[in-house]
Amino acid sequence: MTQMVAEAVRQAGVNFMDSVATLLPRILITAAIVAVGWVIAWALKWAVRWILIWSRFNHGCERIGVSAVLKTADLPAPDILVSLIVFWLVWVGFLLSGVDVLGFTALEGMVRNFAVFVPRLLVAIVILVLGVVCANFAWRATLIAAVNARVPSPRVVSGAVRALVLILAGAMALDQIALARTIVLTAFAIAFGAVMLGLAIAFGVGGGGIARRILDHWFPEHPPSEREEFRHL
Amino acid sequence: MDESLLSDDLLRQLVATGHVDILVGVPTLNNASTVVDVVRAAQAGIGKYFPRARALIFNADTGSDDGTPTLVRDATTDDTGTVSASKPLRTTHRITTPYHGLPGKSSAMRMIFAVADLLSADAVVALDPNVTSVTPDWIPALVSPVLDGRADLVAPRYPRAVADAPLVTQLVRPLVRAAYGWTLYEPLMGEFGCSRQFATHCLDVSTWGTAMTPDGVDLWLATEALAKGFRPAQAAVGPRLVGPSRKRPALPDVFQQVLDAVCACLELHDGYWLMRGQADAVPCFGTMGGAVDIGPRPDVAGMAVAFARDVAALHPVLATILSGPTLAGVTLASAAPSRLRYDDDLWAATVFEFVLAYHRAVMTREHVTRTLLPLYLGRTAAFLLEHASSGPATVDAALESLCLAFERAKPSAAARWKKV
């Protein structure tokens, strides 16, 4: 009996030592991959940041309105944000490669999935950035045109245009990374339809006068208005 | 010269005409209701003041569908009853021709200059076919300084009432004067006279016909003369009254075209104007008449209220164009519509900062120009409020003071322009 127990313990010890002997090099390799990955990610982060600073990336982002959006969301400057994204993407890639080396069955395929996910994430980010640019352009164009056309509440009108474009871009970006796709699409369709229907009803019921004024302004029965009669040249 | 500008048929007519001393160019596009009087005035002016001159009235029509070319061809001075005693001793030729290239005044002016070059005209006069106040006296006023060798470009100088053409008096005139360093009163000269040398120079300039000139050819001609060392002059003519026929675009479009033209010229000539100092006087020939109060007065009180509303609405856009102190000044100026004040220095700073924003392209250039429009209307309202009961002398002094404010603001703007 005692001998059997001792044999079992010895076998367990041998198994444990075998496991350790098998796993330890993997752990060391994983640690090395993670450490090297961190160094590479850190170096890439600074390289990207330096290139962005040199190419006046922040200035460009300011012009297209991305900086203002980031500021509103309490996010760092565009060059810092992009370099951070690069850092985390590279480091997480190395991290998952390291974990893959460990050979845990539950974690198998994560690297492959991550490799599939990264391009989609990048496309989603591009969609978001383009959405912000388009939203800001549409907002500014609407605001200036509404002010010059004497449309009532120009900031409300232009703000609504910007919000719609941003929501559309956000929904497209979420769809791209396939995050809760069904919920996003359904919620977007319901919300967009509800907003449009609500606006149409509200404008039709409560804004008849405004609509008449706008139409009168755009298509005057007795042109021109006093402002237009006055000759500026 | 680009000979493709002139068709074979036109060349035949021009060869038959031969050398002319004076070429009167009339670029037209649907000006049937006003062009006859302009042609008659030109013909009468030649007959009365240059009876021995060989002259040609040349109409370049860019696609009228209201019979304008026929009216020009058939217009005679005989039925006016006012010029029968002043017939020219030589035939005043008249040619009207359609222009099939790019539509617009720019193309028509280029054709007129090409004809002047071909016929070796000593002086060229361009007349706006839509101006109803042209008299025979305008011809010698615009031609004589050129024929006498005293000038290469003669711009008109109209007597302006306080509310007349504020886009010129409040914006274009002071800006062009401060930038180019010449006291040119009408940079957007609708009519002008020029020498053949200047016309030939313009034909050789490669920028003609590019995107910058179609809507701002008059301004480009004026600034090109200043920047390239041609001798400018001004001729006192009567008030400028525009006929009702022409379908003008809406104010935002006109404003954008004018500001686009000004900024395009500034970019084209920055090698010249950045070096210029205080403005030199452009000689003015003739005696200025009294201003005529033209057209309806604007609703100044309404403009002041709209200014306050527009500045508040546009604040986030203005913040990307204007510096902090200027934006604060504009915001303060718009705060009390009933006591609206938009002083000269603030307006000069505003305009130069918009020009710099346009040059740096901080946003779409169309957005920059259209954002200035509400501020321009506010400044115009403030000026009209302040000078509602001022006499002509006071108004002239105020406009001179505005020009000086622009001249004071120029060095700082020029320094920032160079940094871009």
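**View 1. Thr68(B) counts as buried because 26 C-beta neighbours lie inside 10 Å.** The cut-offs are 20 or more other C-beta atoms within 10 Å for buried, 12 or fewer for exposed, and partly exposed in between, with C-beta atoms placed from the backbone. The model is predicted: local features need pLDDT of at least 70 and side-chain atom pairs pLDDT 80 or more, while totals for chains, interfaces and linings use all residues. Residues are numbered from 1 along each chain as its sequence is written, chains are lettered from A, and ligands are numbered from 1, in the order in which they are written. Thr68(B) sits in helix H3 (residues 68-74) of chain B. Helices (H or I, at least four residues) and strands (E, at least two) are DSSP runs, numbered from the N terminus. Leaving out residues up to four places away in sequence, Thr68(B) touches Thr28(B), Asn30(B), Asn31(B), Ala32(B), Val35(B) and Asp61(B). Contact here requires C-beta atoms, placed from the backbone, within 7 Å. Ala32(B) is 36 residues away along the chain, yet its C-alpha atom is 4.7 Å from that of Thr68(B).

**View 2. The sheet of chain B is open and mixed, with 8 strands.** The strand order is S3-S2-S1-S4-S6-S5-S7-S8. Strand S3 (92-98) and strand S8 (284-285) of chain B are the edges, each pairing on one side only. Pairing requires at least two DSSP bridges between two strands. Strand S1 (residues 22-28) and strand S4 (residues 123-126) of chain B run parallel, joined by 4 bridges. Gly25(B) faces Ala126(B) of S4(B).

View 3. Axes are lines fitted to C-alpha atoms, for helices over the stretch in contact; angles run from 0 to 180 degrees between N-to-C directions.

**View 4. Strand S6 (residues 192-195) of chain B has buried residues pointing both ways.** Phe192(B) and Cys194(B) point one way, Gly193(B) and Ser195(B) the other. S4(B) pairs with S6(B) in the antiparallel sense over 4 bridges. Strand S5 (residues 153-157) of chain B is also antiparallel to S6(B), through 2 bridges. Gly193(B) is the bridge partner of Val125(B) and stands opposite Val154(B).

**View 5. Helices H13 and H15 of chain B cross at roughly 35°.** The axes of H13(B) (residues 344-360) and H15(B) (residues 392-419) come within 8 Å. The crossing is right-handed: the near helix is turned clockwise from the far one by less than a right angle. The contact includes Phe352(B) and Leu356(B) of H13(B), with Phe406(B) and Trp417(B) among the residues of H15(B). By class, the contact has 11 nonpolar, 2 polar and 4 charged residues. Ala, Val, Leu, Ile, Met, Phe, Trp, Tyr, Cys and Pro count as nonpolar, Asp, Glu, Lys and Arg as charged, and the others, Gly among them, as polar.

**View 6. Chain A meets chain B through 17 residues of chain A and 26 of chain B.** Helix H5 (110-148), helix H6 (154-176) and helix H9 (226-229) of chain A each supply at least two residues to the chain A side. H5(A) gives the most, with 6 residues. The chain A side has 7 nonpolar, 2 polar and 8 charged residues.

Definitions and conventions
Two residues are in contact if their C-beta atoms, placed from the backbone, lie within 7 Å.
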